[in-house]
Every structure is written in structure tokens, then in C-alpha cells.
Amino acid sequence: MKYGPTISDIRKAKKISLKNLLQDQMTPSSYSRFVDGKTETSVNNFVALLENLNVTFDEYLYINNGYQNSRYDQLYRKLTTALKAEDAPALIVLVNQINAFAQSSPDNLRMKNLLDMAMFALNHVQGDPLNPTAREDLVKYLINCETWTHYEIMIFYNFIFDVETMIVIQKRLIRVISRYDNLRLYGSEPFRTLVKITMFYLEHGKVLEALESLMDLRDFDIQEEFLFERTMYKFVAGETYTITNTNRIKAIDDALNIFQTAGSTHQVN
């Protein structure tokens, strides 16, 4: 894949001068060969070019892919959409599609993990026991990761369906998610993950575990503009305390009304 031509296109579209782009990081001749696709450049040079263009790496990949998500991202989005809709026929199709890609690229760990997640989702929607091989592979992957990023958090967030796995993985999760609390300026991924954990425990009748997770949520310093996080806390706290015989029905209703007003139909459901 040639990365240089897209850098040139972005520079011209943003009307950034070559001098401001290069800033003595690269010579004009080296840059010219790079954007013409004749040579590659170092990681340091590439990072500097993106910074000077005010473009993130994810944005760059999206543009370089013709303003489309990668095949993996497209399949992942379809998978999470089908899971939320509990659409078993769509999940069967996705399992077969992802399996074909995984078979054609046996060394592609992301596609193998995605196949495990798709099998989990189908098992969950059909009410079947989780595929033991897929469960073992995915849990082993998450446990062995000393550093979690958005990728691992999203696996945990969307595809952990049994209490035993949740408890095992949560111990690792709590140690790593606090590092990423300030990574995304538009929301708190760690907070949302703990909300998911708390609701998961409530759904499975683990009230004590839910109360302990709720205590962790209370320790977060959520910014005022994080309305989703604040509303979700109101809802999950209302649920937890109401289940433990402290009436917080109004808090639940208030949260549902906020989501209803915002048009978040799935969240309301």
C-alpha cells in the first residue's frame, strides 16, 4: 500500500505549504519521492507529517481507504449491529463470511478474534452454550495482554456473556482502564465499560458484585459535558439501589426520559 500520495492530497486540500508541512523533518526531494510512491519513509517522519497536517492516524487510514472503513471495521460494525438486534440469521451469515476471511489469512489474529466474537454472539442470541474453543482462545488473549487498548476493551465490552469470564477478566481490566481515562475527549471509555459490568451483574442476579462496581463508578470524576456517562450512571445507580430495596424509580425514569428526548431508541429499549 502506498501512503505518500494520500499525504500529498491532504496537504493540498488543507492548503498547507510544503515548508510548514516538512519543518526540516524531511528534505523536499525525500518528500517528493515518498508522495510519488517511489520510496517509503521512516515512522518518525510519517508521524511528524500527520501531526503537521493535524490528522490522526485513524483519520488518515480512513481517507487512504477512499473514505471507507477497513474490511475488519465493516464486519465488526455489522456484527455489533446484528448482536444488538438479536438477528440470528444475520449472525449466521457473518460467521460464515468472517470464517472465510479467517481461513484465507490464518495468521491474521484480528480476524481470528473476530470469528470467536461472531461465534459468541450467535451462541448468545440462540441461547446456546458458548463455543468452548472460542471462549478459551479469547479469554487467553485478553488475560495475556498486559496493556489493553481500545481493541481489547471493545472485545470485553461487547462479547463477554458469562459471569465466570466476566469476573476473571474484570480483575485485569480494572488494572488497565484507568490509564485511558483521558484518552478520548468526547467520552470516558473506562466509565462506560464499568457501567456495562454493573448492568451485566444485575442481569445475572449478582447484586453484591454490582454494588462493588457501582462504588468504582462513584470514584470517577466525569466531566460535565459527558452527558451520556452521567445519564447512564443515574440509570444504573437507580437500578442497583432499587433492586436492593431503596426506591430510586424516579432516577431510572429520569434517565430513560433523557435518552427518549435525545432520540436514543436503542438505549431506551
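**Nonpolar core and salt bridges**

Good morning. Leaving aside its neighbours within four places in sequence, L79 is in contact (heavy atoms within 4.5 Å) with L91, L94, L114, M117, A118, A121 and F159. The model is predicted, so local features need pLDDT of at least 70 and side-chain atom pairs pLDDT 80 or more, while totals for chains, interfaces and linings use all residues. Residues are numbered from 1 along each chain as its sequence is written, and side-chain values use heavy atoms, with hydrogens and water left out.

L79 is among the residues with the most contacts inside the largest nonpolar core, which has 58 residues. A nonpolar core is a set of buried Ala, Val, Leu, Ile, Met, Phe, Trp, Tyr and Cys residues joined through side-chain atoms within 4.5 Å. Buried means under 20% relative accessible area, exposed over 50%, and partly exposed in between, with a 1.4 Å probe and protein chains only. Another core, of 15 residues, lies apart from the largest one and includes L21 and M26.

I turn now to the salt bridges. With a side-chain nitrogen of Lys or Arg within 4 Å of a carboxyl oxygen of Asp or Glu as the criterion, the count comes to 6. In one of them, the closest N and O atoms of K112 and D137 are 2.9 Å apart. K112 is partly exposed at 35% relative accessibility, and D137 is partly exposed at 27%. K112, D116 and D137 are linked in a network of salt bridges.

R135 forms a salt bridge with D162 (3.5 Å, N to O) and one with E164, at 3.9 Å between the closest N and O atoms. R135 is partly exposed, at 23%, whereas E164 is exposed, at 55%.
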